[in-house]
Amino acid sequence: MRKGLTLSDILVTVLVAVIFGFIYNLWWLPYEAVKPLGLHIEQLTYGMWFAAAVVAYLIVPKFGIALLAEFAAGAGETIIMGKFDIPTFVFALLQGIACELVFMAFRYRSRSVMVCILAGVAAALISLPIDYFYGYMSEVAAWNLILFIVFRVISGAVLAGILPYILVKALDQTGVTRLFRSASQEDYDAL
């Protein structure tokens with residue numbers, strides 16, 4: 001596998017980002033639908049906003065892909081929303097960096113479910129100080145804050161870790177991802 005990014009790597013990543021830009025924009029519907037249930041149940045849906053980085057990395061496991069995918073998906077989400085939203089750019093940038101750091105720690109060689117879960121959890125954790133800065137969590141009682149954090153981390157692990165892993169594994173088995181990267185038997189065994 002070539003180490004540098006090729007044009008096809010970037011195009012595949014942007015394609016993933018565009019798809020997730022639409023998903024992110026529509027994901028507000030389930031998020032807002034469960035919000036009235038209280039107790040921060042909506043945080044269990046929050047992890048979907050971290051998934052582009054993991055999906056793109058699983059398809060093209062190279063340096064910079066996760067960051068590019070997450071940032072481009074966040075930018076795409078703002079374009080679809082029809083408004084320039086600085087917090088969305090900040091969230092996307094930092095979530096992409098968090099995922100990128102996890103993949104870097106494994107030297108871009110592991111596509112295991114555990115690495116995906118760690119990336120989802122890292123993105124969830126990096127999003128918490130941003131929420132605090134924008135005032136979403138500053139006046140919440142301690143027990144409620146703990147619930148908020150636990151649900152966000154669970155969501156990151158499941159919706160941005162396990163779900164992308166299952167999705168890309170299914171795509172690998174159909175042969176679709178073979179069009180985008182050269183997969184060796186070792187790649188398939190790693191899944």
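Is K35 buried, partly exposed or exposed? K35 is partly exposed, with a relative accessible area of 37%. The legends below return to this residue after an overview.

**Figure 1. Overall fold of the predicted model.** The protein chain contains eight helices and zero strands, giving the order α-α-α-α-α-α-α-α along the sequence. Its C-alpha trace spans about 50 × 35 × 25 Å along the principal axes. The radius of gyration is 16 Å, which agrees with the value near 16 Å for a compact globule of 191 residues. Buried residues account for 47% of the 191. Of the contacts with a separation of 6 or more, 75% join residues 24 or more positions apart. The accessible surface is about 9,600 Å², and carbon and sulfur atoms contribute 73% of this area.

**Figure 2. Confidence along the protein chain.** The average pLDDT is 91, and 93% of the residues score at least 70. Confidence is highest in helix α3 (residues 51–59), with a mean of 97, and lowest in helix α8 (residues 185–190), with a mean of 57. Where pLDDT is low, the predicted coordinates should not be read in detail.

**Figure 3. Nonpolar surface patch involving helices α1 and α4.** L5, I10, V14, V18, F22, L68 and I80 form a nonpolar patch of about 510 Å². Helices α1 (7–26) and α4 (65–81) each supply at least two of its residues. The largest share, four residues, comes from α1. V18, a patch member, lies in helix α1 and is partly exposed, at 43% relative accessible area.

**Figure 4. Salt bridge between D9 and K62.** The structure holds four salt bridges. In one of them, the side chains of D9 and K62 meet at 2.6 Å, N to O. D9 belongs to helix α1 and K62 to the loop between α3 and α4, so the pair ties together parts that are 53 residues apart in sequence. D9 is buried, at 5% relative accessible area, and K62 is also buried, at 7%.

**Figure 5. Salt bridge between R152 and D131.** The two side chains meet at 2.4 Å, N to O. The pair links distant parts of the chain, with R152 in helix α7 (residues 142–174) and D131 in helix α6 (residues 113–133), 21 residues apart. R152 is buried, with a relative accessible area of 1%; D131 is buried as well, at 1%.

**Figure 6. Salt bridge between E32 and K35.** The side chains of E32 and K35 meet at 3.8 Å, N to O. E32 is partly exposed, at 39% relative accessibility, and K35 is partly exposed at 37%.

Terms used
Residues are numbered from 1 along each chain as its sequence is written. This is a predicted model: local features need pLDDT of at least 70, side-chain atom pairs count only at pLDDT 80 or more; totals for chains, interfaces and linings use all residues. Side-chain values use heavy atoms; hydrogens and water are left out. pLDDT is the predictor's confidence in each residue, from 0 to 100. Patches are made of residues with over 30% relative accessible area and no salt bridge: like charges are joined within 9 Å, nonpolar side chains (Val, Leu, Ile, Met, Phe, Trp, Tyr) within 5 Å. Accessible areas come from the Shrake-Rupley method with a 1.4 Å probe; for residues, only the protein chains shown count as cover. Buried means under 20% relative accessible area, exposed over 50%, partly exposed in between (1.4 Å probe, protein chains only). The radius of gyration is taken over C-alpha atoms; the globule rule is 2.2 Å times the number of residues to the power 0.38. Contact means heavy atoms within 4.5 Å.
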